Amino acid sequence: MSFVSLKFVLFVLVAVVGYYNIPKRGQWVWLLLFSYAYYASAGFKIVPFLLFSTMVSYAAGILLGQVNNLPTELEHRQKRKRFILIVALLLQFGMLFALKYAHWIFGNLFSLRQWLLPLGISFYTFQSAGYIIDVYWEKFAPEKSFLRYALFVSFFPQLLQGPIGRFNRLAQQLYEEHTLNWTQIEQGIQRILWGFFKKMILADNAARFVDEVLWWNNYQKYSGTVILVAILGYSLQLYGDFSGGMDIVKGIALFFGIDLDENFKRPYFASSIADFWHRWHITLGTWMKDYVFYPISLSKPMNRFGKFSRNTFGKQLGRALPIAVANLVVFFLVGVWHGANMKFIVYGLYHGLLIALEGLLLPYTRAWDNKWRNLATLRTFLLIQISWYFDRADHLDHAFALMQKTVTDFHITDFWNGTLFLNGANRIGPWFYGILLVGCLILYLVSYYQEKGMQLGEWLCAKPVAVRFMVYLILLYALPALGTLSSSSGGFIYAQF
Amino acid sequence: MRNFKSLFLISFLLVSVALNSALNYLLIPNNVMRMKMHNLETSSYEDLFLGTSHGLSAVDPAVVDEITGRQSSNLCVWSEYPRDSYYLLKNAIRFQKPTRVIYELDPTYWLNKDQDTYHSTKLYHYMSWSWVKVEYFFAKILSTDFRIALFPWFNYQLQWQASLENLALKQTDNYRNFGLETFDLPYEVLKENGFLYLKDTKANKSKNMTLWDEAKLQPDALRFFQNIVTYCRENHIELVVFTAPVSKETLELNPESFQAANRYFTDLMNHYNLRYYNFNFIELEGFDKSLAGFTDYDGHMLGETARSFSKHLGEYLK
């Protein structure tokens, strides 16, 4: 059930109206029913995978909790806990591997992908795995009720494209009783309208041009300049699509009184690649930091490597090197998370390498970056654009071919001699150029004020009713008036993961 | 507070509905679907043609009727998928008692998902209220992009320059009386009983087309075709199926694709025990299959080619 379909609009409406009109103690059950109904709407055959992931992590949590309470020696408990953790994670990631990656390594012989790839599997697998590790680390006691836990894994707004939730921040909100709060409903509407603005007006309009130029071998018809503009368009498309989707998810959750974690914080304002990952797909970044980066950094082999590198390369470099290695591992996994394709691995490693380099060069670049922050932001933006070649291309060779053409067939004059309108861009027409430019300006202004710390949602809520009425009406009518239908309109890019 | 919020919400909805209606009136021009639905409700037919844009531009009921001696209507429209055909047929049966349905089968529409098409909302929009309309809403409209479903003017979003023209047209008796005069355009003319006569504009002939790939066959297409078969049998209506010819240049470009489609649909129609004519593989004496008689490689016929084809079709339907 696509977020943009009328069916989904009515589905959410029924869910919200029912949520506040049933006895409050049953609200979480209501949400669970709607979450499974939502998932099943994509096909009953994918539901067992969600159930499997839920059951494995639930059982692991219960077993870990029991071992925690055993009156035995710590070492004995640790051994049993480690065994449970390893088995549970193997089952979780084994399912993900079999469905998403096995075909890549073994061909179709050992792969389930030939039959299906359940929607949102990467998101709920990571969410469940995070829960198991947290219970293993005794951050909180395991959830005893299977149904309540099942809601944590399946909460429908976030099921397909995140954010990847953490049990200690999300679960209590899901289970507690909520009273209708009009301010939250209004803030939810604001987020949803803003999300649709980014998706339908920015991402979908950009997609029409991007898809035309970058689709398979189409790029051969266009100059390097047009390809570069298409990559810039893709950066807008991807951001509008993914962050717009997150705004819609956050808005829907707010209807139920639930405040999900932010997944984006104006990533193109980042002044370094590390900063970018604190602003882009934040919940994946923090997941990787907590469950991969720190365990690797604090592991015994890495400690030994740290001592070795400090002795060999000196204090500064010696300290930065183990962090660089851990970052490379993390971003290799980030790449793999995106999909079974070499282009994603190179995408991840590219980011990992840049972050490692940033860490190593930090002592020399910090002062310059602080002084010339805007230039650092521009540098980061350009470095990010290079990574979008890998992300957008159909495969690795395609990415390199696009890069090669960008460099070897680049003509600066194409920017003003009309080539952009004659080739590729004419597919979307001058109207859409105008819409994209105005849309970008609005996006920039909103992001700028948010970056300055302004809470635009609250600011708008405090305005007179007539102003809000007009703003919401304009935003609503802008969606059909300025939005478009493109090949990616029906769905969201990250819902494929 | 709560009353105030409810008032805000109701006012917002009312203003929104009013604005939406005004934009629909201003931006949506007179269109073929409106005419076809009107014909369906006010005339009487023995034969109904269902199908896609190929059928819309290939079947002239006036020519076919001369040969068959029956009364027929062309209900084919752009992007009419089997799902749309099924509900269009059910809606037609509310007003008509046809003894035969002739389904124009374009394999392309069996390969693509039938979501997010503007034309289905037009069909929905011009259906008068009935359970069929409600069924169609749940079967199709509910799953489309909410902008297509709720804002029918979305398809004409950038055609503001035509709004005054639309406004003027909608005040005329010609429009109110469903006159055909407004459909005489430089590139096409809508004729009696739903035939769209395409004029030769000498424009470049587009090569865009979808080739047959059985692996991409949509289960919904099969399901709704099966529904059409069942519905016709239950209502004692004969169902005949045909595929309109494409140009010989198109056939020469992708012969395997057309042959594979023909094999698949011949088997399928045999399975249902239906008469099936694939005119890509039937010699029609005196019918010029050269590209000059088509607007594109995909197979949309020019008006005169369509009339020539309709004579042959009439012979097969006699």
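Trainee: How many residues of chain B are in contact with chain A, and what makes a pair count as a contact?

Mentor: This is a predicted model, in which local features need pLDDT of at least 70 and side-chain atom pairs count only at pLDDT 80 or more, while totals for chains, interfaces and linings use all residues. Residues are numbered from 1 along each chain as its sequence is written, and chains are lettered from A and ligands numbered from 1 in the order in which they are written. Two residues are in contact if their C-beta atoms, placed from the backbone, lie within 7 Å. By that criterion, 21 residues of chain B meet 20 residues of chain A. On the chain B side, α1 (2-27) and α8 (146-150) each supply at least two residues, and α1(B) has the largest share, with six residues.

Trainee: How do the residues on the side of chain B that touches chain A divide by class?

Mentor: They divide into 12 nonpolar, five polar and four charged. Here Ala, Val, Leu, Ile, Met, Phe, Trp, Tyr, Cys and Pro count as nonpolar, Asp, Glu, Lys and Arg as charged, and the others, Gly among them, as polar.

Trainee: Why are β2 and β7 of chain B said to stand at the edges of their sheet?

Mentor: The sheet is open, with five strands in the order β2-β1-β3-β6-β7 (chain B) and parallel pairing. β2 (72-74) and β7 (275-278) of chain B each have a single partner strand, so one side of each lacks a neighbour in the sheet. Strands are DSSP runs of E with at least two residues, and helices are runs of H or I with at least four, both numbered from the N terminus.

Trainee: Which domains is chain A divided into?

Mentor: An automatic or database domain assignment supplies the bounds: domain 1 (6-175), domain 2 (182-264 + 404-496) and domain 3 (269-392) of chain A. The C-alpha centres of domains 2 and 3 of chain A lie 27 Å apart. Their contact takes 12 residues from domain 2 of chain A and 10 residues from domain 3 of chain A.

Trainee: How do you know that the radius of gyration of chain A agrees with that of a compact globule?

Mentor: The radius is taken over C-alpha atoms, and the globule rule is 2.2 Å times the number of residues to the power 0.38. For 497 residues a compact globule would be near 23 Å, and chain A has 24 Å, so the two agree. Chain A has 21 helices and zero strands.

Trainee: Why is A:E358 called buried?

Mentor: A residue is buried if 20 or more other C-beta atoms, placed from the backbone, lie within 10 Å of its own, exposed if 12 or fewer, and partly exposed in between. A:E358 has 20 such atoms within 10 Å and is therefore buried. A:E358 lies in helix α15 (residues 342-371) of chain A. Not counting residues up to four places away in sequence, A:E358 touches A:S272, A:I273 and A:A274. Over the whole of chain A, buried residues make up 43% of the 497 residues.

Note on methods:
Two strands pair if DSSP finds at least two bridges between them.
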